[in-house]
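User: I'm new to this protein. Could you walk me through it?

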Amino acid sequence: MITRTRLAAGACALLAALTAGIAFPAPAAAGEPTGEDAPKVNLVLDVSGSMRTRDIDGGTRMAAAKQAFNEVLDATPEEVRLGIRTLGADYPGDDRKTGCKDTAQLYPVGPLDRTEAKTAVATLAPTGWTPIGPALLEAADDLDGGDGSKRIVLISDGEDTCAPLDPCEVAREIAAKGIGLTIDTLGLVPNAKMRQQLSCIAEATGGTYTSVEHTDELTDKVNQLVDRAADPVVTPVATEGADACAKAPTLKSGLYTDREDFGKQRWYRVDVLPGQELRASVSVGADRTVNPSYGVLLRAVTVHGREIVRGEAAGNSRTDVLSTGLRYPKAESDEEDAPAETVCLQVTNSFSVASGVKTTPGLPLELTVDVVDGPGDSDDVASFGLGRGWWLLGVLVLIGFVAGLLWGWLSRWRFAVWRTN
């Protein structure tokens, strides 16, 4: 009776929604891909004067970039909305103020007309300055709106020439907006200073940095990043950890977000059945200026407080996100209905801030929990280690012993021959 009543009520609600022209999406499970908007990618290309340099496969850096772009445009998935933005492509003069505004959308973010996009790329010639910071701000605006994945791929052969607008700080500002935008960077024939700057930009938004010295490497990497944008968007589920395991929420497999106070800890609980393996990872982001030297610790603990396994990571003032993880395989049980073990996950950070910097809200935290079938083979070294490989250790000891005897005998024989002579 209760079931029929609920079904009738649900049917009425659905009819009302359809009549009003409203669609009510079902709530997503933890870490479930959501959103129907097309993924967007903005390729940001450095067209500054240094791109004339001939040091990539016998040609100029600009020629390598054009060839790579043409191949990428041919391989771009139909569902991806792709655009191209340039920096340093139009102003050849010496006025710094004007040169640092030199960024333009060469091809708008939207459905891709491959012929039109290739024609636009063919017109490019190395020209001016390297305003990376302003270009990133404009590129983020190009991708504004929608719930699909958003990705900027920055390709440059030099560091920004428009300080004090620090590109790394710009990337942090973009990340702080919470629009889910990732910036990946590629450095053409990089030097140490450029590598540091491009790495910082990528790390600020959870992206990647890649050093490129050949045309095929550039093509492969850009293709990979464009394809990655077409992957389903995973929306984390908000949760709230506790200050003790006994009060902690019980989590299923999925992706979760939380906030953690500076220097504090958060607790979560996960149930693991015999024969299953818990895989967990955590990332804590520095979304404001923090003191150098900090760390993140993730521990798996029993409900009685005994540590099972831990993962930890340390960083410095140029690392904006710290991540670590752990694995815990629970052995099979002879009991058919053996109960699950409750594992407590503890997340601790050692971030600190100078006086005057706000400590609230806490630092953004992203926790991934995955409970899977446990490994069945001893070749899974991450799980089994040498615990089930004593035979290998014994063989190594025996080989070392025999080698020592042979070396000793050979040394004595050579000494005897020397004395005889």
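This is a predicted model: local features need pLDDT of at least 70, side-chain atom pairs count only at pLDDT 80 or more; totals for chains, interfaces and linings use all residues.

Here are some questions and answers, starting with the whole chain and then moving to one strand.

User: What share of the contacts with a separation of 6 or more is between residues 24 or more positions apart?
Analyst: A contact here means heavy atoms within 4.5 Å. Taking the contacts with a separation of 6 or more, residues 24 or more positions apart account for 75%.

User: Let's zoom in on β13: how many of its residues are buried?
Analyst: In a regular strand, side chains alternate between the two faces of the sheet. For β13, one side holds Tyr 294, Val 296, Leu 298, Ala 300 and Thr 302, the other Gly 295, Leu 297, Arg 299 and Val 301, and both faces are covered. Buried means under 20% relative accessible area, and in β13 that goes for nine of nine residues.

User: Which residue of β14 stands opposite Val 296?
Analyst: β13 and β14 make a hairpin with four residues between them, and Gly 305 in that turn has a positive phi of about 95°. The two strands run antiparallel, joined by eight bridges. Opposite Val 296 you'll find Ala 313.

User: And which residue in β16 is the bridge partner of Thr 302?
Analyst: β16 covers residues 341-349 and pairs with β13 over seven bridges, in the antiparallel sense. Within that strand, the partner of Thr 302 is Val 343.

Technical notes
Residues are numbered from 1 along each chain as its sequence is written. Side-chain values use heavy atoms; hydrogens and water are left out. Buried means under 20% relative accessible area, exposed over 50%, partly exposed in between (1.4 Å probe, protein chains only). Two strands pair if DSSP finds at least two bridges between them.
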